[in-house]
Structure formats: structure tokens, C-alpha cells
Amino acid sequence: MDAPTTTSADNGTSGGGGGWFTPRNKPESGSEPGSAEAPGPAEVRRPAAIRPVGRPTPPPQPPADSTAPPPGPTSPAPAASSGPLPTALTPAPFASAVAPPASAVAPPAPTVAPPAASRVPAQRPAPAPSQGRAASAPAASPDAVLVRRAMAEVTPVADKVTSYFYALLFVRHPDLRSLFPAAMDTQRDRLLRALLTAAEHIDNTDVLVDYLQNLGRGHRKYGTRPEHYPAVGECLIGALSKYAAGVWNEEMEAAWVRTYTTISQIMIDAAAADELRSPAWWYAEVVTHELRTPDIAVVTVRPDQPYPFLAGQYTSVETPWWPRIWRHYSFASAPRSDGLLSFHVKAVPAGWVSNALVHRARPGDIIRLGPPAGSMTVDHTTDSGLLCVGGGTGIAPIKALVEDVAEHGERRPVEVFYGARTDHDLYDIDTMLRLQQTHPWLSVRAIIDQQAHQQLPDAVRAYGPWNEYDAYLSGPPGMIRSGVDALRDSGIPSDRIRHDSVEELVSAGN
């Protein structure tokens, strides 16, 4: 499936994490299309210097001096990364606008990634951003007030801000232009959503610092280097200061510098530690390609070396037909003894990667895989029932979760709702029904919109109550948004509703 959500405008600009430095197709030479108000080299002043420095520190020992370098003359130095993080640490708007559920900060901030044995994230519920605010509702930190004030000022002219940022980046640092797609519209939209997310959740203490570490590790496959981060931060602040001129001052600039410096340093340290023990990507050979419908294929690959992951997670995929363009897909099975990995891929309009995988890929082709990510995994320390809701190709990770429960020999009840618009879209229903026949604790219900005359979340709610279940949702963003609301109404606490969502859901607090 397309993960974290099953549908998107996979038009070649969705670079598996959508990060600042996502290498993609080499663009044509010339100025950036649509980049109005492209600045001249001397048009704007340069903001306070931002100098995160990568330290290739071998895990698990942190460096003797783990303090991030001073951000510049107008900004106080950030807190040491081995102690509590600044309250302005945000959910990495500067790293990836295609991210798992909103997460960012926990009080301790390790400077290195976890040991190799725990490379795959622990099985735990995805944090619910709104829950933390409801629990304590602390007063906004001084940096949060300043960051939000700037965002409120620039939001009405967000398209100009993002266009100016990229124009500024490409004028000052032309060598970075080749790291971005030729068509920048989607990239600009992601920047806006990420910044809005940052402003909204800047003081959210629920979110975890390992989110930033995962971003840093994941950005290795894009060729991101430590020296890229200061250029991005400098131009971001340059764009904000231009369009928030009415409220901008040295204090506000210092708050943004502190935030960005700390974020980038955590990402740099995590990437440096990860480099010592893991590849930036895996090569994988296509071994089977099964066309289930005219636009959906089940693609199975064999990685060139062991690939650790958990059922319910996803990865990013690059094809040989569109080098440096990455797209997220969920694993369609639990880890297998033969090491093979399967994905359910739906070709979407203008989808460069999805159409290549569905219509061009054949056995023997070689693709590349990024590291695993995602927290929509089963908590095997409890015996709660599982309520699994999958829409379209969102059934792929749900199938993996069912296999995971079976492999652990558990007898906990698992209720699966498989949603589709038509019978034709239930491309994997036979597989799910065979699993139901094999495992008496599993129940599978197909919900077809055109026959049921109701949306999937409404149908799920009608079968409730589900207050004793852990819920898992996978599908299009709209389905997940309405599904989360329906499950909360059914009595399931937010911290027991798991999904790996992207921009729309993150900005909505889910």
C-alpha cells in the first residue's frame, strides 16, 4: 500500500519523507518555475548564523561535549543535547513534511541513536498530540509564543513565503538545486503544512525525540549531509523575516534559531551514529509481480541483506525508472523466514513511482529501499482485542498485523473491517477470508460503500462498542480522520488508536 496513507498525489514530487534535501530527478537548468520574487544575492540581509555540526559519534557513548554549537551572535546558545531540550523544539518542520504522527520531544535528548539491537522501533502506541495538551495544558513557552506569532503573520501569504524560501535557497546555494524536483508545487505545500504543524505542537510534551532521530537516519538515503542544514535554516529564517516583518525582531529570530539548531543537531547526530552500523538504503530484487486489478499490483522483493522491520511498519521505495524519487509503502506481511518483503501498490494518476511499480516492474528488476519506519505495531504485552480498519490498499499493513498476532500464538480477538467502494476494489478479500478460516479468533467484514450506503467508519461504529479494543487504521487520510473521530465516540481512548499518518492528520492533531 501507499504508506503512511494509501492515496496521494504521487506525481514525482513525493519523495519518501519529503525532506528538505530529497534527491530527485535532476531538474532542467534555469530559474525555478513559479518562484516569484526571486531575490538577488544582496537583496536581503543574512540572519544570525546557524551552525549545526555533525559529530560521527559511535554509539552508545555520547561525546564529551554534546552541546550544539552557538547559533550566532543574536541568539543564545541552545541547551546541551544531553540535557532537557529547549521548550521551542518543534516536530521537525525543517526535515520532513511527510512524517509519521506528530512527534517531537521528550525531556532527555540522547545525542546518538539506540543500539543496533533496537534499530527497529519498540512496539508502542503512536502518541496522540491532543492528549498531552488536555492532560496538562501548560502555558506556552516564550519561544512557542514567538514562533506562533511569526506563523500567524505569514500564514495568509504562505504561498509567497514558501516560494521565496526556495528561491532564496537556490540563489544563495545553487549547488543544492539538483537535490529538489523540477516541479515545486507539492514541495511548497509540504513546507507550509510542516510549519503549521510546528507552530501548533511546539510545546507538546507527548511527542518523542526519537522522531527526530528517525528523520535524521531516514534522510541519509537522500544524500543529506551536515553542511546542508545551516543553509536551509538560514534561508528559512530569511523568508520568515521578510514576510513577518511587522512583528519580526532579534528576540523572535533567536527563538527560531534555537529551535532549528537543536532539531538539526539531533538529526545530524542520529544520522552519524546510524552510518556506523547500517546502510543508507538496501537494494532489492523483484521476485514476483502479481497484477490483482488493472491498477493494483502485489510486488514481492528480496533485499540484498537482512532487513529488520515490524509488522505494521512501512518503508520508502525508489525505482530505476525515476532515480532519486522515493515513495512510501507499507509492508504487506509480517517478517518472513525467507526474508522476502511484499507491498500492495495502487497506480495513482500522475504517480511516477506507483505507475512504475504497477505497470513497468517485472521479476529481476532492482529497486532501492529506505529504512523501516512507523509505530502502527502490535503491543504484545497486553491481551486486548484488536480492531483493524483498512480502506483500499490500506488492508496491506492490516494483513501484516493479523499475521503477527498469529505468529505470536495469541488468541486475542481480532476484528478486521475491510472497506472498499465496489466489489472490484476488494482485491485481497480471498486472502483475508483464508486467514479467518485458519484462525477462529479472527473476524473479517467487508464494507462496500455502494452496497452499505454508509462510510466505513460509520459501519465500524455500528458494530461497537469497542472500548476494550486497541484500534488500528490504515487508508486514505479522510478515512483515517473520520475513523479516529468515530472510534473516539465509541469509547476508545486516543492513546489506543494507532495509525501512521501524514501532513493532513499531523496538522489536525492526530
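In which sense does α3 pass α6, left-handed or right-handed? Hi everyone, let's begin there. This is a predicted model, so please hear everything today with that in mind.

The crossing of α3 past α6 is right-handed. Helix α3 covers residues 158-172, and its axis lies 9 Å from that of α6, at an angle of about 135 degrees.

Who takes part? On the α3 side we have K160, V161, Y164, F165, L168, L169 and R172. They meet a set of α6 residues, among them A231, V232, C235, L236, A239 and Y243.

Let's walk off the end of α6. Helix α6 spans 228-243 and α7 spans 250-275, and V247 sits in the loop between them. Is V247 buried, exposed or partly exposed? Buried would need under 20% relative accessible area and exposed over 50%; V247 has 23%, so it counts as partly exposed. Leaving aside residues up to four places away in sequence, V247 touches R149, E153 and M252. There is also A150: it is 97 residues from V247 along the chain, yet their C-alpha atoms are separated by 7.0 Å.

Now for the sheet. In what order do its strands run? Going across, the order is β4-β3-β6-β1-β2-β5, an open sheet of 6 strands with antiparallel pairing. At the edges are β4 and β5, each of which pairs on one side only. On average, and ignoring direction, neighbouring strands are turned by 40 degrees against each other.

For a close look at one pair, take β1 and β2: they are antiparallel and share 8 bridges. Here T293 stands opposite I296 of β2.

Packed on this sheet is α8, which touches β1, β2, β3, β4, β5 and β6. The direction of α8 makes about 115 degrees with that of β5. And which residues of α8 are buried? In this helix, residues 352-359, they are V353, S354, A356, L357 and V358. Their cover includes strands from β1 (282-293) and β2 (296-303) through β3 (314-318) and β4 (326-330) to β5 (341-346) and β6 (366-369).

Technical notes. Residues are numbered from 1 along each chain as its sequence is written. This is a predicted model: local features need pLDDT of at least 70, side-chain atom pairs count only at pLDDT 80 or more; totals for chains, interfaces and linings use all residues. Side-chain values use heavy atoms; hydrogens and water are left out. Helices (H or I, at least four residues) and strands (E, at least two) are DSSP runs, numbered from the N terminus. Buried means under 20% relative accessible area, exposed over 50%, partly exposed in between (1.4 Å probe, protein chains only). Contact means heavy atoms within 4.5 Å. Axes are lines fitted to C-alpha atoms, for helices over the stretch in contact, and angles run from 0 to 180 degrees between N-to-C directions. A crossing is left-handed if the near helix is turned anticlockwise from the far one by less than a right angle, and right-handed if clockwise. Two strands pair if DSSP finds at least two bridges between them.
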